[in-house]
Amino acid sequence: MGMKRIITAIMSLCLLLLADLPTARADDPGPAAAATDLPRGVAPLLGDVSTGFDPPDQPWLAGHRGVDIVGDPGGPIKAALAGQVSFAGMVAGRPVISLRHGDLMTTYEPVVATVSVGDEVGAGQVIGTLETGHTSCPEKTCLHWGLRRSETYLNPLDLLSPAKIRLIAGADMEAVRRHAIDLELRASAERASAAGLVNPATGVVTSEFGMRLHPISGTWRFHDGLDIGAACGTPIVTAATGTVTEVGYSGGHGNRLVIDHGTIAGVALKTSYSHAQGFSVAVGDTITAGQTVGLIGSTGDSTGCHLHFQVWSDGDLVDPAPLLP
Ligand SMILES: [Zn+2]
Ligand SMILES: [Zn+2]
């Protein structure tokens, strides 16, 4: 490279730097920089993202300054990062929690706080319970989760992406986020694997746990259990010894049974069995591992005879498959 070309290159670089100056602000690193220097957090709730991040071009314009994640009314909401509660109260008739994490702020609404202003919280700690009524999610119950650095709104889902993968140019960010959530779930399942469960039904796995691309709608959905397909009337057995905490018809789950197994191999385990024809047990009954408790059916949101089997490990939904023989 000749001297003239080098000088031209240096001059172009200076021009580029100068051109950048008017828009670059110390507290606004821009979307590209913002995504690379965020800490790794945990999902406050595992569920479908019903409305994505769509910040307005100008602060005064309408937009969606966070993401909406579908959950259950009254369900627990966790802190995405370790931090301090800076606000817990009503804003425009809706309960809101704000957490401060150094120069970052996360917000959760509509969430009724179980923490108080000034409390220190750990990542993954439950901070409140989800309410219905978020405006951009009228049909369902959604958590609106926001992330901000100073006045700049960032995509909170970027907290779930592994930092190394974020740096790869042109990476499919949605795939990266799904992968991050999968890794989180797998780690949680590993902690529960020592429990050793019994197969809840004899059949074939028709749908696995995790993020799945819907074959018809083309949208990504979170499947929060393992589907075992078998003829209606096939026995359902309990995966481990425990006590019945819920049994009865439960919306989309149809006839559902929930069993609390207490602490097994150091983790608090709970299992549920959905879409059954019926169950032969009642709340409070003690059930032993492998005991027949009901029959496979197709009640609730179901298109065929199958068991929707769920496992919670220390309160987190985990993939049942690696826990089964
Ligand atoms: Zn929202
Ligand atoms: Zn299912």
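**Backbone, strands and cores**

His-275 sits in strand E19; strands here are DSSP runs of E with at least two residues, helices would be runs of H or I with at least four, and both are numbered from the N terminus. Before going on, the conventions: this is a predicted model, local features need pLDDT of at least 70, side-chain atom pairs count only at pLDDT 80 or more, and totals for chains, interfaces and linings use all residues. Residues are numbered from 1 along each chain as its sequence is written, while chains are lettered from A and ligands numbered from 1 in the order in which they are written.

Back to His-275. Its phi is positive, about 70°, although His-275 is not a glycine. For context, most residues other than glycine have a negative phi, and most peptide bonds are trans. Is His-275 buried or exposed? His-275 counts as buried because 26 C-beta neighbours lie inside 10 Å. The cut-offs are 20 or more other C-beta atoms within 10 Å for buried, 12 or fewer for exposed, and partly exposed in between, with C-beta atoms placed from the backbone.

Asp-314 also has a positive phi without being a glycine, about 50°. Asp-314 is in the loop between strand E23 (306–313) and strand E24 (316–318). With 15 other C-beta atoms within 10 Å, Asp-314 is partly exposed. Thr-263 is 51 residues from Asp-314 in sequence, and the C-alpha to C-alpha distance is 8.8 Å. Thr-263 belongs to strand E18 and counts as exposed, since it has 10 C-beta neighbours inside 10 Å.

The other backbone item is a peptide bond. Glu-109 to Pro-110 is cis, with omega near -15°, and Pro-110 lies in the loop between strand E6 (104–109) and strand E7 (111–113).

Now the strand pairing, where two strands pair if DSSP finds at least two bridges between them. E18 (residues 255–264) runs antiparallel to strand E17 (residues 242–249), with 6 bridges joining them. Tyr-249 is opposite Asn-255 of E18. The two strands make a hairpin with 5 residues between them, and Gly-251 in the turn has a positive phi of about 50°. E18 also pairs with E19 (residues 267–276), again antiparallel, over 7 bridges. There, Leu-257 has Tyr-273 in E19 as its bridge partner.

A separate item is an open sheet of 3 strands, ordered E16-E22-E20, with antiparallel pairing. Its edge strands, E16 (235–237) and E20 (278–279), each pair on one side only. E20 is joined to E22 (residues 292–295) by 2 bridges, with Phe-279 partnered by Gly-294 in E22.

Last, the cores. A nonpolar core is a set of buried Ala, Val, Leu, Ile, Met, Phe, Trp, Tyr and Cys residues joined through C-beta atoms within 7 Å. The largest has 40 residues, and those touching the most other members include Ile-69, Ile-97, Tyr-108 and Leu-143. Strand E10 (residues 141–149) gives the most to this core, with 4 residues. Where does the core lie? Domain 1 (34–186) and domain 2 (195–323) both give residues to it, so the core lies between them; the domain bounds come from an automatic or database assignment. There is a second, separate core of 18 residues, including Phe-209, Leu-257, Val-258 and Leu-307.
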